[in-house]
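Hi there,

Here is the structure I promised to pass on. Have a look at it first, and then read my notes below.

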Amino acid sequence: MSPRRTETGGRIDRLRTIRFTFDGAPYTGHAGDTLASALLANGVTLFGRSFKYHRPRGVLSAGVEEPNALVTVLRGEVREPNIPATMVEIYDGLVAVSQNRTPSLAWDIGAINQLGGKILSAGFYYKTFMGPVIGPLKGTRFWMFCEHFIRRAAGLGKAGTAPDPERYERMNAFCDVLVVGSGPAGLMAAKAAADQGARVILADLEAHFGGSANWSGETIDGMPAADWAQRMVGQLGGNDNVRLLPRTTVWGYYDGNTLAALERVTDHKEVAAKGEPRQRYWAIRAGSVVLATGSFERPLVFPGNDRPGVMLAHAAERYANEYGVLPGQRIALFTNNDSAYRSAVALKKAGAAVVAIIDVRSDISNEMRRMASEAEAELLAGHAVVATEGGKALTGLKVQRFDAMSGSLSGDERSIHADSLLMSGGWSPTIHLASQAGAKAEWDPARQAFLPPKPTQRWIGAGAFTGSFSTAEAIAEGRAAGLQAAGGAASSAPLPIVEAVPGDPDPAPVFEIKAKGKSFVDFQHDVTAEDVRLAHREGFVSVEHLKRYTTLGMATDQGKNSNVPGLAIMAEALGKPIPEVGTTRFRPPYTAVSIGSLAAERFGDLKPERLTPMHDWHIANGARMYSAGLWYRPMIYGLAGETVEQAYVRESKATRESAGIVDVSTLGKIAVQGPDAAAFLDRVYTNMFSTLAVGKARYGLMLREDGLAFDDGTTWRLGEQEFLMTTTTANAGKVMQHLEYFLDVIWPELKVTVTSVTDEWAGAAIGGPKARVILAACVTGTAVDNATLPFMGIVHGRIAGVPVMICRLSFSGEMAFEVYSGAGYGTRVWEALIEAGKPFGLVTYGLEALGTMRIEKGHVTGAEIDGRTTARDLHLDWMLSKKKPFIGSAMMDREGLIASDRLQLVGVVALDNRPLNGGGHIVEELDEANPHDSLGHITACCYSPALGKYIALALVKGGKARHGTRAFVSDPLRNRFGPIEIVSNHFYDPDGSRMHG
Amino acid sequence: MLITCPYCGPRDVIEFTYQGDGNRERPQPASQDLDAWNAYVYDRLNPAGDHNEIWQHSGGCRAHLRVVRNTITHEILSTAFARGGHKSTENRAEGRS
């Protein structure tokens, strides 16, 4: 066994040996070890290199706040960087590597940065790389040159590039009481709430419940605190209404008492059990929350405080008591408060020599003096550490007389030989979640710490979180909080009895020892006390600016160690008390959260796919599909060797010459029903619908409240009180919401219901000179001649035995019919129409041909109804009824909306017989080198088989007045310039004789 | 954030769609008072505090609700059908500590 490992004690299993590697070297540890405790037991002192100066760093803490000992854990090709070694539970085969060093941890070339410490002070990057470009290598360009090297030299671990093969889960949980933290306070709270019958979740970020009870060495109810904690956990685990979540970090406190937590399910296992995810993201809605999150011990700021071997006092106590590891053989302690004395005694008991306790206070209580002698330590009251010595491990330190009131040093330096220096700068309650929940922390001058704010959500604090640092207080507060959270009455039953060493919870207000050398405030980001003062000298007075300029508290640990010392130094520089300088508000996440856990099951393509009833037929018949919103629609039905343009030209030509059929099931369909349905449609559409006869359809236009065009479509009157409204595919949802809003909020007196029936109907549009004979060949139960089925007429009949509804309306400009059937029979009807059309040369056509024919006809779609155009811009003013008000009618005539120079819909013909592009601009004078003065832009374009030309629709300033004039297309992105002619948007069959038949 | 729909009970905010300031008053349909229309279409209150809002339970019963929400704390103070005349739900008193 290694000399650092104690013979007995702790909760590690000395009979189980675990093998792992660190930087390629094999090590062993025991079950229950963290990577940090196992490496310390192996005598490892050097864990990492610092962010900026590449200084050697050891392990500072024993928990989640660790700033120095960050490692990368490798699993196959997957690397996860920046994990505190203190939070990695070892398992057989664990592979961990250190970070930010080249080529190795012991010999790091980047350590040369230490020589440039003066240059690399706060704001180095701002000063060096900002500003005007004067020479070839100054300012921003200098940065671009240097960035490559700097990015390599400064920083943390490298992220991997291999895809993450792990599975993650999201869980939604509900409870009456969520207890965060499982120290004595949290355990008491969970037990008290559970005994009230409340549904309780107890979460702790550590692997083992118990918190400080696991290492405090105290006695509770006559047994070691660790045993008491295990007994409590056992009792809780037996309750059906309690869920225990170890290894679960509650990292976010959101509105409505919603909390986010990350459970590390299998990170500590060599092999995950079947079905286990790597991590689980918990979204917890809690009736009440008990925050028993404890506190962090603060480092002291003094020269050389970052040398490997310098550690927080409680961390060493924890390593000794919980893991059976001694951080050193000759230990010195440096403190401004009483808590370190217990640590000294604990380490002495565990077998280390405690050579000295250096206390900044000159007035030490008799109790503490007794504990110092129990530890057989020399007590140096009114002293301070002014330097540390050693390279990759501590060899000694220097102390001097210190006056805590003035902060001045005096007398000769004295050297002390030690291989470990433990420090305690007081304790800061872990108030992060309370701060996230929405209030400002409050400074307590006695505790020299920020205490949690008054709750703004339903939480109750307990234990060290509230600044009550003794276990007896924690137990009392925990029970009270648990009872209150569960709605129970306060209890006067006796509390567990705690035997603990005494101690004053209030530290001396000393944060920094000013002496020569680098004194680190933020270990992880290499921010020194001098950097903070430099920022102040350079004019930074706000704590937010200070943070950004020095990067204090901005690394992965988010300043868990450095916040308060940094503020204290800032406050002193400003000559203000700490509360006036203020603290920053903590934001989620409390610790780093894997992106995988946030995504959980939601990865890959997250959009649902909407498929029409005839989708499979399209695929089987050679359709090339494309996505239109969530829908998939045929683009073309290409023949072998055909280009897209060849296919749509063939399809639209065949439609105009004989007949074509297209799937229009995606159109939005809304059933509008009720006694006031007609009156409602009169208000919604710009044109009249109350005058529409039953069995007829009408094209309608909707405006928005601001008078701009919103959507268009045909609406069919199926009965006196029943309409079927169709909308564009893209706007189906928006139109539905629009109608619902007006019925529910604005006109609740109207007796109308609206129902989305988009998915209930399959639709096929069949058009062309032969369309009617094809229908006649397959429709039974109704005639389809001009008298029975005139333009915009509706008939009911059957196709292949299936009831269908047929409306004669046209988008293509040909004589055309829309055939609607129940969605489940869509394919059957579709196939029957195809079969009936075979003798007549019926073709299937896709969206490209549909678009081509609508451009030839000058119909508008979403490309023209783009939220900026009015009905007049689109030449739809004939649809604006003057007999009634409608949505948008009051606003549509505003000055700006009727100006003559507005963009108006026109047709465009390419005079150079080359394709045009959507988005290309229309200009009066061509200037390829310096395109300017756009008149408007192209919204849709195609090759028109009917005209034998490349044509387009465009929105052009004062467009109607420009009909017959020439201009140019200017499309510098695609290098397309050339002459065009502006014409009417009605390219083809402007009087509509083809569709009226 | 939970919104208590009078039909469906307390539901997560992702089921709802914000439909804007509930203080706006739509002029009579035939009104030609452009200032009133302008105020209705464009003016929105943006208080730091309690705000009367319209939300649609679009992922549920699709009813529109009149919701009083505190824009600072996101606390929902009351919900009721926007149509009015139906029951409203008040947050439990102990919810506000």
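Accessible areas here come from the Shrake-Rupley method with a 1.4 Å probe, and for residues only the protein chains shown count as cover. On that basis, chain A has an accessible surface of about 39,800 Å², with 54% of it belonging to carbon and sulfur atoms. For chain B the figure is about 5,400 Å², and carbon and sulfur supply 48%.

A word on the ground rules: this is a predicted model, where local features need pLDDT of at least 70 and side-chain atom pairs count only at pLDDT 80 or more, while totals for chains, interfaces and linings use all residues. Residues are numbered from 1 along each chain as its sequence is written, chains are lettered from A and ligands numbered from 1 in the order in which they are written, and side-chain values use heavy atoms, leaving out hydrogens and water.

Now for chain A. Its C-alpha atoms fill a box of roughly 115 × 75 × 55 Å along the principal axes. Of its 997 residues, 57% are buried, meaning under 20% relative accessible area (1.4 Å probe, protein chains only). In chain B, 38% of the 97 residues are buried.

As for secondary structure, counted as DSSP runs (helices H or I, at least four residues; strands E, at least two; numbered from the N terminus), chain A holds 23 helices and 51 strands. Chain B has 1 helix and 7 strands, in the order β-β-β-α-β-β-β-β along the sequence.

Cheers

Note on methods:
Buried < 20%, exposed > 50% of the residue type's maximum accessible area, 1.4 Å probe, protein only.
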